[in-house]
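User: I'm new to reading protein structures. Could you walk me through one?

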Amino acid sequence: MREPHVPGVRFEAVDKFFGAHQVLHDITLDIPRGLTTCIIGPSGSGKSTLLRCTNLLERPQRGKIFVEGTEITAPSTDLDALRTRIGMVFQHFNLFSHLSVLDNVTLALRKVRRMKRPEAEALALEQLDAVGLKGFERRRPSALSGGQQQRVAIARALAMKPEVMLFDEATSALDPELVKGILGVMRDLAASGITMLVVTHEMRFAREVAGQVVFMDQGRIVEHGPPDRLFDAPESPRLTHFLDQVL
Ligand SMILES: Nc1ncnc2c1ncn2[C@@H]1O[C@H](COP(=O)(O)OP(=O)(O)OP(=O)(O)O)[C@@H](O)[C@H]1O
Ligand SMILES: [Mg+2]
């Protein structure tokens, strides 16, 4: 049994620099297990960098990050193993264009999880079905719409049965009519009780789905709390100004 009070992700005094430029300042935050946390904030505020630190695509210079109680910033962390525990979906889908949809989803299952092909394919088909892509498994990514490609990317991440899902502006590159479908998939996922950390410009999604909203500006967490509190009663002038611009 996992301890119920251990957060899905914990950031403790995380600082990140690119050269001399400090882009994350003393980030201390708990991402509750089983809930969706949405990160909002202006461009360049460090949202993507924080997400990328969570699966060690970037390494913070100071501070610690824990996933379900295990410190991942420890030098001994096995990166391949870590990335099976944390699924990440980006704005651009990063699918392999020379592989079928099915092979895109099974690749990591076979190479990292060392599953046999039939077992990996059965799991992949189940995930593809769950994101609304039944019957698309033999296609190449180039024969899919952007929204369908993003569904493949989500299925690929979910197939690993991650403890945490990270989404970085997963709908930003999509045509407007496709956004709703992907937000629907993310909504269902949130309702399934997986821990999610979602960078988004979709304020309605954040308000309706998030258990916690985090507002970042200039590499700092300025405010965080339940969505109603942040959206209806922002405390800082910076958040008030940001909401005036985006709502
Ligand atoms: N690899 C890198 N090398 C140097 N600087 C970087 C690198 N990645 C990000 N930065 C800088 O770090 C800061 C934070 O960037 P980040 O991408 O995290 O912002 P963001 O909040 O995700 O912005 P956006 O909403 O535009 O995606 C910016 O000033 C950016 O220029
Ligand atoms: Mg970003």
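User: How far is an oxygen atom of ligand 1 from a polar backbone atom of Gly46?

Analyst: Keep in mind that this is a predicted model. To read a polar contact, look for N or O atoms within 3.5 Å of each other. Here, an oxygen atom of ligand 1 sits 3.0 Å from a polar backbone atom of Gly46. Side chains take part too: a polar side-chain atom of Lys47 is 2.7 Å from an oxygen atom of ligand 1, and for an N or O atom in the side chain of Ser48 the distance to a ligand 1 oxygen is 2.8 Å.

User: How much of the accessible area of ligand 1 does the protein cover?

Analyst: On its own, ligand 1 has 640 Å² of accessible area, and the protein covers 59% of that.

User: Which elements give two or more residues to the shell around ligand 1?

Analyst: Those are strand 2 (21-31) and helix 1 (47-54). Helix 1 supplies the largest share, three residues. The shell as a whole includes Phe18, His21, Pro42 and Glu169.

User: Now the cysteines, please. How many disulfides are there?

Analyst: The idea is to check whether two cysteine sulfur atoms lie within 2.5 Å. By this rule, the count is zero. Take Cys38: the nearest cysteine sulfur belongs to Cys53 and is 19 Å away, and Cys38 is in no disulfide.

User: Is Cys38 buried or exposed? And Cys53, buried or exposed?

Analyst: A residue counts as buried when its relative accessible area is under 20%. Cys38 has a value of 0%, so Cys38 is buried. Cys53 also comes out at 0%, so Cys53 is buried.

User: Let's finish with the sheet. In what order do the strands come?

Analyst: In general, strands of a sheet pair through backbone hydrogen bonds, in either a parallel or an antiparallel way. In this structure, four strands make an open sheet with the order 2-1-4-5, and their pairing is antiparallel. At the edges you find strand 2 and strand 5 (70-71), each pairing on one side only.

User: Over how many bridges do strand 1 and strand 2 pair?

Analyst: Strand 1 (residues 9-18) pairs with strand 2 over seven bridges, in the antiparallel sense.

Definitions and conventions: Residues numbered from 1 in each chain as written. Chains lettered and ligands numbered in written order. Predicted model: local features only at pLDDT ≥ 70, side-chain atom pairs only at ≥ 80, totals over all residues. Heavy atoms only, no water. Near = heavy atom within 4 Å. Polar contact = N/O pair within 3.5 Å; in protein donor to acceptor, adjacent residues only side chain to side chain. Areas by Shrake-Rupley, 256 points an atom, 1.4 Å probe, with all protein chains shown as cover. Buried < 20%, exposed > 50% of the residue type's maximum accessible area, 1.4 Å probe, protein only. Pairing = 2+ DSSP bridges.
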